[in-house]
Amino acid sequence: MRILLIIAALLSAYAASAQVPAREDSVPYGNNPQAGHYLDTRGFKLYYETYGQGEPLLIIHGNGGSIDNFVYQIPVFARSYHVIIADSRAQGKSVDPSDTLSYEMITDDLNALLESLHLDSCYVIGWSDGGIEGLMMAIRHPDKVRKLAVTGANLWPDTTAVQPWVVGWALNYNAFVKKTLDTVQNPSKRAQAKNTLKLAHLLSYEPHISLEQLHTIQCPVLVIGGDHDVIRPAHTLLIFQNIRKADLWILPNSGHSTPIFYKDDFNRVVGDFFKKPYRTISTFGMFQ
């Protein structure tokens, strides 16, 4: 779910009652001149950073987020992988002049980034919207994804997938942003409101991924969610059940922010999933 817009607003307040884990370094992820680059592609300049050496690993953030959402993952995975992480179109430093925004556009942007780096395939981690785009990457550009780990992803935006209060909040937020855009006259503020409306549209009305599309995914996928996630656990289970090579991990006593509040477990389990061969379990193997 594209819920990082909400998280960005509430995280600092929530931290007072649930302590945000300490970081292991002070690298300015998302604003690091030594690691930052721009790719002029598909009508805009995509900002991205790279860290570490080894097999390539693409990490994808969620709605309204940026590179620094993964401050707990980048340094850990950079020990073993060449980490590639971008500010998605219309977010962070990736300013987007277009009038529309879609998950397909963002997914194809990331594919263009991998092409520019001459990478035929990579491992992928996606959180929230990033999970949606990870699934779409495996659907639209299957050759690019070796293994995929997604947390807090959804296939469609209604109450069968997303908690009802979140659906209501998102629709109200979308209407509020539209009303704001109609009244703003200042050019810079109007441009900002226009960009926010593009993100709000995703929040309210997208994605629309079919189960048939999930059936086409060939790479192993680790499907992750919290048992108190804004994405219904039953929907996370549905995603798992419709991918041919999939593992399922539902974290107990967890919400949407598994890479933050369960960072050590998240990094360990995802790391193991990437390193170990995928194991098909059937018949009497189910007793193990």
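I began with Thr-196. Setting aside neighbours within four places in sequence, I find Thr-196 in contact with Tyr-173 and Val-177 (contact means heavy atoms within 4.5 Å). This is a predicted model, where local features need pLDDT of at least 70, side-chain atom pairs count only at pLDDT 80 or more, and totals for chains, interfaces and linings use all residues. Residues are numbered from 1 along each chain as its sequence is written, and side-chain values use heavy atoms, with hydrogens and water left out.

Thr-196 sits in helix H6 (residues 187-205). Helices here are DSSP runs (H or I, at least four residues), numbered from the N terminus. Is Thr-196 buried or partly exposed? I read 23% relative accessibility, so Thr-196 counts as partly exposed (buried is under 20% relative accessible area, exposed over 50%, partly exposed in between, with a 1.4 Å probe and protein chains only). I also looked up Gly-64: it is 132 residues from Thr-196 in sequence, and 8.5 Å away C-alpha to C-alpha.

Next came Asn-174, in helix H5 (residues 164-183). Asn-174 is buried, with a relative accessible area of 1%. Leaving out neighbours within four places in sequence, Asn-174 contacts Leu-197, Ala-200, His-201, Ser-204 and Tyr-205.

Last, I checked H3 against H4. Residues of H3 that meet H4 include Tyr-103, Ile-106 and Leu-110. On the H4 side, Ile-132, Met-136 and Arg-140 are among those that meet H3. I count seven nonpolar, two polar and five charged residues in this contact (Ala, Val, Leu, Ile, Met, Phe, Trp, Tyr, Cys and Pro are nonpolar, Asp, Glu, Lys and Arg charged, and the others, Gly among them, polar).

Key
Helices (H or I, at least four residues) and strands (E, at least two) are DSSP runs, numbered from the N terminus.
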